[in-house]
Amino acid sequence: MRGLFLASACVCIFAVGVICYFLFANGLPFFAEYSVWDFITGTEWAPTRGIFGILPMIVGSFLVTFGALLLGAPIGVLTAILMARFAAKPVVKIMKPAIALLAGIPSVVYGFFGLKLLVPFTRNTLGGNGLSMFVASILLAIMILPTIIQTSEAAINAVPNSYYEGSLAMGATHESSVFRAIVPAAKSGIVSGIVLGIGRAIGETTAILMVAGNQARMPTGILSGVRTLTVNVLLEMGYAADLHRESLIATGVVLFVIVMAINFLFSFINRRRVMQ
Amino acid sequence: MKLRSFTALLLILTLALGLTALAAQFDAAQTITVVSREEGSGTRGAFVELTGVLAKDAAGKEKDNTYSEAIISNGTNLVLTTVADNQAGIGYASLSSVMHNDTVKALKVEGVEASTENILNGTYKIARPFNVVTKGELTDELAIDFMAFVMSKEGQAIVSEDGLVSGATDETPSYEAANKSGSLTVGGSTSVAPVMELLAEAYMELNPEAKIEVQSTGSSAGVTGALDGTYGIGMASRLLKDSEVEKGAQPIVIGTDGIAVVVNLANPVEDITVEQVRQVFTGEVTTWDALSK
């Protein structure tokens, strides 16, 4: 039995190892021909002329993820608190499956929803042509909500009720007890939910492709289009040859490094709290 | 939170979101929303060459000067959807796809309507060949027979029914089904894929043991796929580049397609010159009222 568990774990590690190896083996040779600095800080992306600067895409990815977090994290955490501690049972009964459903909707359906509803709405009320960073952020915020809500709710529910009761016994109100006794205790679970959300947002491709405009240049405003790292790879992989193809795999390497950095940062913050 | 107030809130939100795009009058002062395809698209490659958006820069190298603010949509259908939903939109797509589509309007180019007759008689200027790409001569029996079908009278009838201009004459031979079997993957241009699917369907009806799969991945992907063996036959909606021919790619023209310049149905513009098309797609002209006659 123990062998079976060991085998399963080995398969996982093997899969990660193979992906890492493929990425780095195919992406690093690119840096022998094009400097890392020019690649990461170059502002012009013109592969047909041999110019590979992915800074516009890095900025694009960061901005849409940041926007998604700005919208999604507060809404997600507050919804989780509502569901765990404030809402009546029948309301929770409706919300739980609704959020689970939200998690199951395919990206392309989100993209279509964004294209048909959010883009015209933005165009008519806020200006621009609608295919923008704004819509991409809203869409991503909706996509990461289930992740944040489910993880945060589990974390809040895991806090022993004695915290809440103790706080009430000391004379605090219901709201005060929840926000000052329970939520801080659930902090690490909530943060892990947010980090998972960041991971999903940075990696999202299909939905962004349909609503973000995809201009390969530095973002010029919240209502103008952006291209993210993921979309750049998807749009061009089909026809890339030689150095261009390698540059796209190198983009994958950059994405990988970013995600790893976020994960390490998170576990570092967590470790500090445990040590305290 | 009570159930009643929750449902009330939900209803209000739904109503608010429901009051979205209500058709407004076409505003000529609005900025043109230029919709383009991704760089590997055959439609884009042919379009920028035929309209002059592709030009030689100071160093003598060819440069695609498509407007940097142009929205990039990856596929004919996404271009049409984007233009159909945006009053200020303008884009380009294969005529065969636009002919079956009532959600957008194809503009006349220099007074010539985009139609198969006008492509045949050469008056519609923006047209390109639909190519099937193979690596050297075909050796696979099923592929050879399928190509015989495509170039036969029956195959070319399907091609012209779909809106392409066929090169078929009275001398084009008829196809005789030889009950071939096996499987074949045809991949490449998103513009050629629809007509290829019709051809594959018709072929499979005549040869029930054969299995032909059509994939839409883009013209450049079609050529590389044909060269490296991923596809038995590739599809490209543009002329082959010298580098591709050097690697052994051989084109067979199965039809000629026009590229239609499409705008939103609410747009009053009906006619456009090739020079104006170039100006719009390079970003020299950015508003609809600046597009003077």
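**Exercise 1.** Determine in which hand helix 5 of chain A passes helix 7 of chain A, and describe how the two helices pack.

*Solution.* In this predicted model, helix 5 of chain A crosses helix 7 of chain A in a left-handed manner. The contact is formed on one side by A:Ile99, A:Ala100, A:Leu102 and A:Ala103 of helix 5 of chain A, and on the other by A:Leu145, A:Pro146, A:Ile149 and A:Gln150 of helix 7 of chain A. Next, consider the geometry. Two packed helices are described by the angle between their axes and the distance between those axes. Helix 5 of chain A, which covers residues 89–104, packs with helix 7 of chain A at an angle of about 135°, and the axes are 8 Å apart.

**Exercise 2.** State which residues of helix 9 of chain A are buried, and what they pack against.

*Solution.* Begin with the element itself. Helix 9 of chain A spans residues 174–185, which is 12 residues. From its first C-alpha to its last, helix 9 of chain A reaches 16 Å, close to the 16 Å expected at 1.5 Å a residue. The buried residues in helix 9 of chain A are A:Ser177, A:Val178, A:Ile182 and A:Val183. Viewed down the axis of helix 9 of chain A, these buried residues fall within an arc of 145°, so they line one face of the helix. Finally, the buried residues of helix 9 of chain A pack against helix 4 (55–86), helix 7 (133–158) and helix 8 (161–169) of chain A.

**Exercise 3.** Is A:Asn214 buried or exposed, and what is its phi?

*Solution.* The background is that most residues other than glycine have a negative phi. A:Asn214 has a positive phi of about 60°, although it is not a glycine. A:Asn214 is located in the loop between helix 11 (206–211) and helix 12 (229–237) of chain A. A residue is buried if 20 or more other C-beta atoms lie within 10 Å of its own. A:Asn214 has 25 C-beta neighbours inside 10 Å and therefore counts as buried.

Chain B supplies another case. B:Glu110 has a positive phi of about 55° and is not a glycine. B:Glu110 is found in the loop between strand 7 (108–109) and helix 5 (116–120) of chain B. Because B:Glu110 has 15 C-beta neighbours inside 10 Å, it counts as partly exposed.

**Exercise 4.** Describe the surroundings of B:Val83 and of B:Val285.

*Solution.* B:Val83 lies in helix 3 of chain B, residues 76–85. With 29 C-beta neighbours inside 10 Å, B:Val83 counts as buried. Apart from neighbours within four places in sequence, its contacts are B:Val35, B:Gly89, B:Ile90, B:Gly91, B:Val104, B:Val262, B:Val263 and B:Asn264.

B:Val285 is placed in the segment after helix 11 (274–282) of chain B. With 19 C-beta neighbours inside 10 Å, B:Val285 counts as partly exposed. Residues up to four places away in sequence aside, B:Val285 touches B:Gln279, B:Val280, B:Ala290 and B:Leu291.

**Exercise 5.** How many helices and strands are there in chain A and in chain B?

*Solution.* Chain A has 13 helices and two strands; of its 276 residues, 38% count as buried. Chain B has 11 helices and 13 strands; of its 293 residues, 47% count as buried.

Key: Residues are numbered from 1 along each chain as its sequence is written. Chains are lettered from A and ligands numbered from 1 in the order in which they are written. This is a predicted model: local features need pLDDT of at least 70, side-chain atom pairs count only at pLDDT 80 or more; totals for chains, interfaces and linings use all residues. Helices (H or I, at least four residues) and strands (E, at least two) are DSSP runs, numbered from the N terminus. The expected span of a helix is 1.5 Å times one less than its number of residues. A residue is buried if 20 or more other C-beta atoms lie within 10 Å of its own, exposed if 12 or fewer, and partly exposed in between; C-beta atoms are placed from the backbone. The arc is that of the directions from the helix axis to the C-beta atoms. Two residues are in contact if their C-beta atoms, placed from the backbone, lie within 7 Å. Axes are lines fitted to C-alpha atoms, for helices over the stretch in contact, and angles run from 0 to 180 degrees between N-to-C directions. A crossing is left-handed if the near helix is turned anticlockwise from the far one by less than a right angle, and right-handed if clockwise.
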